[in-house]
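I opened my notebook to look up a few things in this structure, one entry at a time. Come along and check each one against the picture.

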Amino acid sequence: MITQALIFIGVGLMAGILGALLGLGGGIIVTPVITLLLGLPIQYAIAASIIAVIATSSGATIAYLKDEMLNLRVAMFLEIATTVGAVLGAVVTGLVSSQVLYFLFGALLIFSTYNMVRKLIGKIDAQRDPVPDPAAEKLRLNGAYYDKASGKEIEYKVTNVPGGFAMMFGAGLASGLLGIGSGAFKVLAMDTIMQMPLKPSTATSNLMMGVTAAASATVYFFNGALQPQIAAPLAIGILIGATIGTRIMQLLPTKILRMIFIPVIGYMGLQMLLKGFGVTI
Amino acid sequence: MTPEMKKEIDDIEKIIGKIMQIGVLIAAFVIVVGILDLLITGSTGYPIGVHPHAPGTILQGVMQFKSYAIMMLGIFLLILTPVLRVVVSIYAFIKERDRLYTWITTIVLIILIIAMVIGYLG
């Protein structure tokens, strides 16, 4: 019991540091480690890692609040979609077989790997001129943020509100189902579909992550899926790890680290996908 | 939006940030107490494979200083921090006299409460 608690603190610590360095949420690393290395049921891992998501998100929101990048209206409006999706996802997790969850998680890791490679290569943020959406006007979703690099207040409009809302429902579903923050999906919904600039998209996504995770976490908490002996030491480890991670990020060659760990994440993804088919490598 | 209103919202945002920071710290502290309790006493306070997950049993366990109950309380406090963020946002929108967003944010809070009920019943 005691060694187990120490192991989970260690796993959380590592996941927190690695997550911060790779720009991933802690949740995405925790589940493969708990299931593949420690051999615990994936349902326990998912419920524990959603707690890790809340821990990291609450920490990050504090930092972003000061930057005035957050679009609170966009966050609250889209949270209707993410929280409903998250509750549904959490309920579905209890109904489907472990193999389905392994398969979906594997697919998610492969997608994250692709995403990280794309970011590593780096794309240029194109000048945007989105088509005005009457829904965005009506819901007053258009906003402005202060850009430090240019020292100017940048105004922006959002478009395709229904598309973004639908994507957010999917992001919430994935979050509840797999115990992840699904930050990548949220940024995709705001940045790619709604054409919101990347900086406010990222800040808004961080806030939404915590609220979305709270929706599925309460389901897991009260239905008994949440195991204190896993979630408690893990949360503490992640909180400390994420703090260390963001501190040492400036000192380490992040790009090289990412190059080293991207194949690791990809390999874990492959392992989980295969486990979904009942094959163990 | 008048400058005074903007300042007031900025102030509210700062308060929210502080509340969340304190919330996370308190939750972490309670969880650490639970873990230390487990490490020192070597007992979860419950039979193997059992942990409390209903409000009544958790509170009862906390009173008896059972390690699992304390951990669950800490985890629950951690879950509450983003919920608190939503509650304070409702207040901020009321202050702004923004009826539409007062409603939208209230709907989010209601969904979160329904989540608790679903978990409790399921």
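**Entry 1: annotated spans in chain B.** I looked up the UniProt record, an unreviewed entry, and found "transmembrane region" placed at residues 21-48, 68-88 and 100-121 of chain B. I kept in mind that the model I am viewing is predicted. I then checked two of these spans. For residues 21-48 of chain B, the end C-alpha atoms lie 35 Å apart, and the span is 75% helix and 0% strand. Residues 100-121 of chain B are 100% helix and 0% strand, with end C-alpha atoms 32 Å apart.

**Entry 2: annotated spans in chain A.** For chain A, the unreviewed UniProt entry gives the "transmembrane region" annotation to several spans, among them residues 165-185 and 205-223. How far apart are the end C-alpha atoms of residues 165-185 of chain A? I found 12 Å, in a span that is 81% helix and 0% strand. In residues 205-223 of chain A, the end C-alpha atoms lie 27 Å apart and the span is 100% helix.

**Entry 3: where the chains meet.** I looked up the contact between the chains next. It involves 44 residues of chain A and 43 residues of chain B. On the chain B side, helices H1 (3-41), H3 (67-95) and H4 (99-121) each supply at least two residues. Which of them gives the most? It is H3(B), with 14 residues. Sorting the chain B side by class, I noted 29 nonpolar, 12 polar and 2 charged residues.

**Entry 4: two helices in chain A.** I picked helix H8 (residues 183-193) and helix H9 (residues 198-223) of chain A, whose axes come within 9 Å and cross at roughly 135°. H8(A) and H9(A) are therefore oblique to each other. I also noted that their crossing is right-handed. Residues of H8(A) such as A:Lys186, A:Val187 and A:Met190 are among those that meet H9(A), where the partners include A:Ser201, A:Thr204 and A:Met208. By class, this contact has 5 nonpolar, 5 polar and 2 charged residues.

**Entry 5: a hairpin in chain A.** Lastly, I looked at two strands. S1 (residues 143-147) and S2 (residues 152-156) of chain A run antiparallel and are joined by 5 bridges. A:Ala144 stands opposite A:Glu155 in S2(A). How many residues lie between the strands of this hairpin? I found 4, and A:Gly151 in the hairpin takes a positive phi near 70°.

Methods: Residues numbered from 1 in each chain as written. Chains lettered and ligands numbered in written order. Predicted model: local features only at pLDDT ≥ 70, side-chain atom pairs only at ≥ 80, totals over all residues. Pairing = 2+ DSSP bridges. UniProt positions renumbered as here; feature names shortened; annotations may be inferred. Axes fitted to C-alpha atoms, helices over the stretch in contact; angles between N-to-C directions. Parallel < 35°, antiparallel > 145°, perpendicular 65-115°, else oblique. Left-handed = near helix turned anticlockwise from the far one by under 90°. Contact = placed C-beta atoms within 7 Å. Nonpolar A, V, L, I, M, F, W, Y, C, P; charged D, E, K, R; others polar.
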